[in-house]
Amino acid sequence: MKNPLLLNLFLELRATGLPLTIDQYDLALMALSKSVDIVLNDNKPAIKGVLQTVWVKSRKQQALFNQCWDEFNQKSIYKNARIESQSDASTLKRERQKPEIEKIPQPALINDEPELPQPAAEIAQFNPDLPDDHGVGTSVKTKLKEVYYLPISRQKLQRSWQLLIQKLTGNVRQIDILNTVIDITKHGFFTQAVFTYPKTKYREVVLLIDQGGSMTPFHPFCRQFQQIYQTAKVYYFHNSPTDELYHDPQCWQGQSVTSILSKFSPQHTLVIIISDAGAARGRTVPDRWEETYDFITQLIPKTKKIAWLNPLPPSRWVDNTAEEIAKINPSVPMFALETGEFQRMVKWLSSRNLTPQLPSLPGKEEEERGSSDDLWNYGFDANGRIAVFEKLLGNSHLKFASYAAFPLVLTPDLLYCLYRKFFYQTSDLLWYVVADLLLSDLCQQVDFELYEMEREVRNELLKRLPRRNRKQILKELSDFLIQYISRQVSNQNQNNDLNQVQQWAALSYVEKGSQAAKELARKLQQAYLSNNKGELVRLSSVIETLAEPLKENYQPLLKIAQGYRAVVRGDDKGVEASRKIFKSETIEVEGIKLKRPEINFGKVRLQSFDFDVITVNRRGEETKRETQQNYYFQESLPGNITLDMVAIPRGKFLMGSPEDEPGRYDDESPQHEVTVQPFFMGKYPVTQAQWKAVATKCPQVNRELEPNPSKFKENKQENNLPVERITWYDAVEFCKRLSQLTGRKYRLPSEAEWEYACRAGTTTPFHFGETITGKLANYSATTIYGEEPEGEYRERTTPVGSFTANAFGLYDMHGNVWEWCDDHWHGDYNDAPTDGSAWIESNSVEEGAVRLLRGGSWLNYPGTCRSAYRNYYDPDGRGNDTGFRLVVSGARTL
């Protein structure tokens with residue numbers, strides 16, 4: 001490894017006459033690499049001592065060395081002084097200005113230490129001026145510039161990286177006997193021996209990063225650590241490594257542990273595992289310990305050294321899984337993310353003969369904070385949860401939580417910046433107070449790195465801000481939040497949802513409340529007039545959350561928002577109550593005229609649409625094409641996403657397949673007549689955009705939903721792809737959220753409804769006719785069903801609506817993705833319902849009984865895509881060929 005500073009000094013000494021060789025330069029590098037503490041702390045007298053020992057052999061050489069060292073030091077001091085003087089000048093300038101809220105510092109300005117000079121090309125460097133492309137996942141797209149708030153300085157991290165990836169070149173050269181003899185023969189006499197040198201190799205550093213769950217608050221730390229350890233290999237896991245490690249933070253692109261470990265080297269590979277090991281939640285999970293034990297047992301013989309870096313201090317490891325994991329094997333010591341501990345970790349990884357030791361953990365703290373039984377007595381309402389939080393963590397944590405209650409939505413990065421602004425120098429709180437809050441019962445995670453507090457909890461915490469200077473604190477928090485948004489959100493539309501909501505919150509608590517009220521009124525006006533129910537629900541929720549600061553001067557805005565919410569929910573009594581408050585048909589808020597809520601507003605308005613219907617013969621030849629018309633209504637989802645629901649008329653049909661239908665199965669018997677009531681069905685399978693709108697912006701009912709579960713991602717060339725990798729439980733949760741949003745009862749279709757809608761009056765194997773072709777649907781068209789020619793096997797999903805519709809105007813009923821039905825699986829149709837309802841043995845959705853799938857997919861043969869074909873899967877099964885289509889009963893919406 002070349003060190004540019006050391007190399008410059010070495011070259012200057014040679015220029016002044018010191019007889020130094022490359023071997024002596026390598027020897028100095030080796031000596032310094034064994035003195036980790038000296039290098040990390042930039043101990044110049046100690047470094048000078050090491051170099052003198054290696055390079056100086058006489059008094060004359062000592063004088064030359066001292067002269068060069070002093071000149072070299074002066075240059076270094078002058079360079080650092082320039083950096084510091086710039087910082088001092090900017091500080092002095094701020095001090096002369098009137099007192100104001102300090103702006104959020106940019107990443108390069110947070111660290112008050114001078115940066116290292118640029119190293120040789122072979123050393124990967126962290127550039128603080130490079131933009132951070134890691135997006136913080138929220139319900140809206142944002143990219144946040146994360147400030148530097150690690151407890152270890154960036155400079156020390158850079159030095160540790162250089163130490164860990166140094167060259168492994170040995171200094172012992174060997175005589176090459178064969179080439180020496182050849183050289184003697186060539187010259188006729190011995191001149192000098194020919195030596196061989198070992199090949200240059202570098203250490204390989206591998207980062208294994210725990211992702212998600214209790215590590216979510218530490219994601220920004222992991223990203224910044226990766227930036228500095230730029231060329232390290234990175235793999236991810238969740239909680240504990242099992243059979244696979246992952247190449248992406250979402251833990252989707254897996255690779256077997258065996259395959260990954262086969263590429264490690266016992267001579268060169270250093271592994272750093274970054275995980276809280278369960279300490280963040282303070283729980284003991286035996287399965288986590290067992291899985292970690294098995295993994296470490298596999299890992300040790302494949303690597304040179306392993307270290308476990310825990311973001312939390314040793315006092316937090318006691319009485320939870322972290323304590324047990326720290327004791328698994330002395331060869332895998334656990335270190336805390338603290339200055340002294342971090343230096344010990346680097347020394348352990350870079351030293352050859354250091355004996356591993358089990359960590360010395362502190363004893364259990366004897367604090368009178370109440371037993372777990374006592375904590376139950378506080379209750380589960382807002383006040384009870386706040387009391388438990390204070391009892392467990394103390395008053396300082398409660399003060400931080402009160403400040404953190406100011407923003408409407410929380411991200412780890414936002415809270416780290418808030419901590420650095422208001423608590424870093426004025427309290428005894430440490431940086432992991434952010435994790436303590438986000439993982440407590442005061443917060444709930446609503447998306448990737450996105451948290452929120454319930455309205456009651458938030459209001460109670462804000463009330464606990466000191467009354468003496470509460471107004472001043474709110475103003476400082478408002479200024480902080482506005483500056484955070486304006487300086488940290490980059491390359492995005494400044495009117496995105498997250499930005500707007502945070503700004504409204506910031507403005508509502510200060511003298512600029514009128515500006516927030518005006519913007520909210522304008523948004524309400526637009527959403528109401530455009531019948532955007534999703535946006536009405538979102539805005540009314542925001543206004544109710546800001547009720548405390550707005551109620552004094554903007555009571556009409558609160559009342560009309562409540563009226564609009566009643567409209568969306570179909571609560572006629574609530575709408576009538578709101579209308580009684582306002583006698584006029586228009587209500588003015590800060591110059592914006594809002595319409596009085598209407599009882600009949602929001603009933604669906606059916607629109608007609610035309611579409612082509614194709615019929616083919618057994619050879620796949622088109623025999624008929626006609627234009628037909630049907631009706632649909634359009635549902636508005638959050639984010640200006642729409643959902644088309646097509647009217648399916650009442651009717652009777654023969655369900656199942658005749659015995660002479662090619663490719664049929666016995667479970668399609670016996671054929672039986674079914675009467676189906678009118679309903680509305682999605683024109684297309686649910687798309688990825690529709691899924692994300694509901695999954696990220698509609699409140700959770702029973703379970704969390706992954707915003708981007710699909711394997712086949714949308715791009716500029718292909719959008720409107722169907723969502724896939726959806727379980728039956730996921731689809732049911734989606735329906736419940738959408739029902740809550742719209743006031744209409746969305747659900748999965750019954751199996752009878754699905755087949756009735758697919759056939760659309762036909763009795764042939766496909767609604768296209770006797771067969772199907774690759775030009776009519778997306779399936780494995782290289783396989784023949786009738787006498788049609790072979791078609792294309794696309795090997796993935798296609799955008800919805802790419803092919804022609806059936807006679808009801810429904811698209812993609814054959815192929816593309818399987819579609820979940822509500823029914824339990826039954827082996828045949830004996831005793832099946834004849835009224836079109838779902839055939840369910842129990843009303844429990846948690847029982848785990850297998851559920852029905854219909855329609856086939858891009859992956860399947862044509863016979864599997866027939867109108868009558870039945871399939872089943874476990875309700876928690878997830879495949880990249882499985883999606884769903886929505887249904888809503890007709891009576892409620894007409």
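In this predicted model, strands β14 and β15 (residues 622-637) form an antiparallel pair over 10 bridges. Within β15, Tyr 632 lies opposite Gln 607. Both strands belong to an open sheet of six strands, paired in the antiparallel sense. The strand order is β14-β15-β16-β19-β25-β20. The edges are taken by β14 (607-616) and β20 (746-747). Each edge strand has a single partner, so one of its sides is left without a neighbour in the sheet.

Two helices pack on this sheet. Helix α27 (residues 688-697) touches β15 and β16 (641-648). The direction of α27 makes about 110° with that of β16. Helix α29 (residues 751-759) also packs on the sheet. The strands touched by α29 are β16, β19 (679-682), β20 and β25 (887-889). Relative to β19, the direction of α29 makes an angle of about 75°.

A helix-helix contact involves α15 (residues 382-393) and α19 (residues 455-463). Their axes come within 9 Å and cross at roughly 60°. Angles of 65 to 115 degrees count as roughly perpendicular and those under 35 degrees as roughly parallel; α15 and α19 are therefore oblique to each other. Their crossing is right-handed. On α15, the contact is made by Ala 382, Asn 383, Arg 385 and Ile 386. On α19, Glu 456, Val 457, Glu 460 and Leu 461 take part. Together, the residues of this contact divide into four nonpolar, one polar and three charged.

Notes: Residues are numbered from 1 along each chain as its sequence is written. This is a predicted model: local features need pLDDT of at least 70, side-chain atom pairs count only at pLDDT 80 or more; totals for chains, interfaces and linings use all residues. Side-chain values use heavy atoms; hydrogens and water are left out. Axes are lines fitted to C-alpha atoms, for helices over the stretch in contact, and angles run from 0 to 180 degrees between N-to-C directions. Helices (H or I, at least four residues) and strands (E, at least two) are DSSP runs, numbered from the N terminus. Angles under 35 degrees count as roughly parallel, over 145 as roughly antiparallel, 65 to 115 as roughly perpendicular and the rest as oblique. A crossing is left-handed if the near helix is turned anticlockwise from the far one by less than a right angle, and right-handed if clockwise. Contact means heavy atoms within 4.5 Å. Ala, Val, Leu, Ile, Met, Phe, Trp, Tyr, Cys and Pro count as nonpolar, Asp, Glu, Lys and Arg as charged, and the others, Gly among them, as polar. Two strands pair if DSSP finds at least two bridges between them.
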